[in-house]
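Open the model in your viewer and keep the selection panel at hand.

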Amino acid sequence: MNFVHGLQYATRNCVFFRLNLLTNWRKCHALAETSLDCHQARINHMVNKYQGLRVDQCDGLTSLPGNLNFYRTSNNKRTGYPSRIKSKDIWLITGKCTAWRDSFSRQKLIEEVAVVPALSVLHPVNCFPTRDIRSFHTSPCLQAAPIPLLLIILKPVQKLLAIIVGRGIRKWWRALPPNKKELFKESVRKNKWKLFLGLSSFGLLFVVFYFTHLEVSPITGRTKLLLLGKEHFSLLSELECQAWMEEYKNDMLTENDAQYLTIKEVFYHLIECNKDIPGISEVNWIIHVVDSPDVNAFVLPNGHVFVFTGLISMSDIHQLSFILGHEIAHAVLEHAAEKASVVHLLDFLGLIFLTMIWAVCPRDSLAILGQWLQSKLQEYLFSRPYSRTLEAEADKIGLQIAAKACVDVRASMVFWQQMELADSLSGHPKLPEWLSTHPSHGNRVENLDRLIPEALRIREICNCPPLSGPDPRLLFKLTMKHFLEESEKEDPNSTVKKQEVDTLPVQKQKQIPLT
């Protein structure tokens with residue numbers, strides 16, 4: 001669910017992949033310009049080399065009716081799902097997406113090779129004059145890519161530069177004679193207002209830069225920081241998608257698998273019922289189901305959703321709908337771009353403190369310790385709390401997405417109760433929330449408990465059928481009591497587990513009557 005960790009994994013392959021493509025292009029371009037004795041070259045070789053500059057192609061993109069290509073209709077008739085899922089048209093589009101666009105149009109390519117006679121489909125043209133090869137100018141493609149990649153590549157370089165500068169300042173100050181140190185201090189006192197003006201100007205520029213990169217979310221109305229443009233961030237998304245696809249290529253379920261079809265049906269039902277949400281129809285959603293016992297799911301900013309089969313076995317259809325709604329919320333709210341922007345901003349400010357640490361600390365060992373403390377404080381005081389805030393926001397919007405699809409939103413709280421119980425039974429240590437990038441299961445239960453009444457009102461506004469059957473929260477509590485009673489008969493030492501389960505917060509039945 002975390003995009004930033006995926007960027008670190010994708011960088012390992014994407015940098016060398018880019019350099020290899022650039023080397024191959026230069027070889028081809030140099031060959032075309034230096035072969036003065038040969039007046040002909042193969043057009044197919046040149047075109048294929050040029051097309052090799054593109055990053056990747058994704059087949060089978062899934063979209064909504066906003067796309068004006070062919071479509072097919074399928075009826076959702078899976079039993080046990082809310083009634084509104086029946087007779088829903090699911091629109092699919094198959095196409096190709098590229099991270100970089102060609103710098104010249106295909107019409108220009110046709111005009112360049114039109115001078116060659118006898119052009120045919122069955123027998124393509126094999127050559128054309130060298131001067132026509134030189135007319136292909138591909139430099140814009142080479143200039144369009146490095147911006148997001150440089151942010152990743154230069155990140156460790158910036159830290160190293162800050163360390164070198166800070167250490168150099170310390171050595172320079174130590175090497176100064178006492179009289180020059182006094183002269184320097186006196187110069188600083190005389191020019192203190194100039195220094196103050198310079199620092200104030202820098203701070204003003206930083207404030208202007210910060211506020212000019214703020215945007216208001218059309219869904220939540222919350223102001224957020226976005227430093228990277230969508231076109232640059234989409235390139236990083238494609239690179240990360242390639243990395244995940246390479247890792248799970250042997251574990252992907254086919255599109256005919258029953259579990260894949262179940263997730264697909266639930267997912268596109270949610271999309272169909274939430275077309276009014278800004279941006280949800282503009283994303284090309286693609287589902288990947290990974291055969292793994294892990295209880296996990298995550299979404300990439302480009303619309304690729306990865307769901308693990310362990311999540312399917314852990315949840316029912318309503319709980320699965322809430323989890324998928326949570327992932328949809330991450331994508332439409334652009335949480336990945338927002339979090340990456342905050343991380344880049346914190347890293348920039350951290351460079352200033354890092355330089356000061358290495359300049360002030362008298363020994364390198366103390367500077368290394370100070371650098372470690374600075375990185376941990378930045379992570380646990382800013383990065384992880386911000387990540388937990390985004391997760392809570394995705395829970396809220398995801399619950400509303402599920403409610404508009406006529407899902408039993410009361411089951412969302414039960415899912416996290418089950419996760420908390422599973423962790424306690426498996427013996428996993430319960431870490432404090434401030435060490436995690438996600439809220440604790442207990443806090444998520446409490447948060448959803450407050451949001452469920454509003455989600456139920458959204459169901460009523462959407463004219464959803466009344467909820468049938470008992471409240472799943474009450475069923476879970478009764479089931480746990482029965483389970484603990486049975487376990488006490490077998491193991492008297494299970495009283496501790498009973499106390500832990502009884503402390504789970506449960507919605508009061510007076511607020512939401514059974515239907």
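Select residues 25-146 first. Here pLDDT, the predictor's confidence in each residue on a scale from 0 to 100, stays under 50. The model has 180 contacts beyond four places in sequence for this stretch, a contact being heavy atoms within 4.5 Å. Next, select residues 494-515. Their pLDDT is also below 50, and the stretch has 44 contacts beyond near neighbours in sequence. Where pLDDT is low, the predicted coordinates should not be read in detail.

Now colour the whole chain by pLDDT. The protein has a mean of 74, and 65% of its residues reach 70 or more. This is a predicted model, in which local features need pLDDT of at least 70 and side-chain atom pairs count only at pLDDT 80 or more, while totals for chains, interfaces and linings use all residues. Residues are numbered from 1 along each chain as its sequence is written, and side-chain values use heavy atoms, with hydrogens and water left out.

**The sheet**

Helices (H or I, at least four residues) and strands (E, at least two) are DSSP runs, numbered from the N terminus. Two strands pair if DSSP finds at least two bridges between them.

Select β3 (286-290), β4 (297-299) and β5 (residues 304-308). They form an open sheet with mixed pairing, in the order β3-β5-β4. Neighbouring strands are turned by 15° against each other on average, direction ignored.

Zoom in on β4 and β5. They pair in the antiparallel sense over three bridges. Show Phe298: its bridge partner in β5 is Phe306.

Axes are lines fitted to C-alpha atoms, for helices over the stretch in contact, and angles run from 0 to 180 degrees between N-to-C directions.

**α12 and α14**

Select α12 (residues 317-332) and α14 (residues 364-404). Their axes come within 7 Å and cross at roughly 120°. The two helices are therefore oblique to each other; angles under 35 degrees count as roughly parallel, over 145 as roughly antiparallel, 65 to 115 as roughly perpendicular and the rest as oblique.

Show side chains. Among the contact residues are Phe322 and Ile328 of α12 and Leu390 and Ile397 of α14. The contact divides into nine nonpolar, five polar and two charged residues. Ala, Val, Leu, Ile, Met, Phe, Trp, Tyr, Cys and Pro count as nonpolar, Asp, Glu, Lys and Arg as charged, and the others, Gly among them, as polar.

**α13 and α14**

The axes come within 10 Å and cross at roughly 160°. That makes α13 roughly antiparallel to α14. This crossing is right-handed. The contact has 12 nonpolar, eight polar and five charged residues.

**α15 and α16**

Last stop: select α15 (residues 411-426) and α16 (residues 441-461). They pack at about 165°, with axes 9 Å apart. They are therefore roughly antiparallel. α15 passes α16 in a left-handed crossing. Contact residues include Trp416 and Met419 of α15, and Val445 and Leu448 of α16. By class, the contact has six nonpolar, four polar and four charged residues.

Technical notes. A crossing is left-handed if the near helix is turned anticlockwise from the far one by less than a right angle, and right-handed if clockwise.
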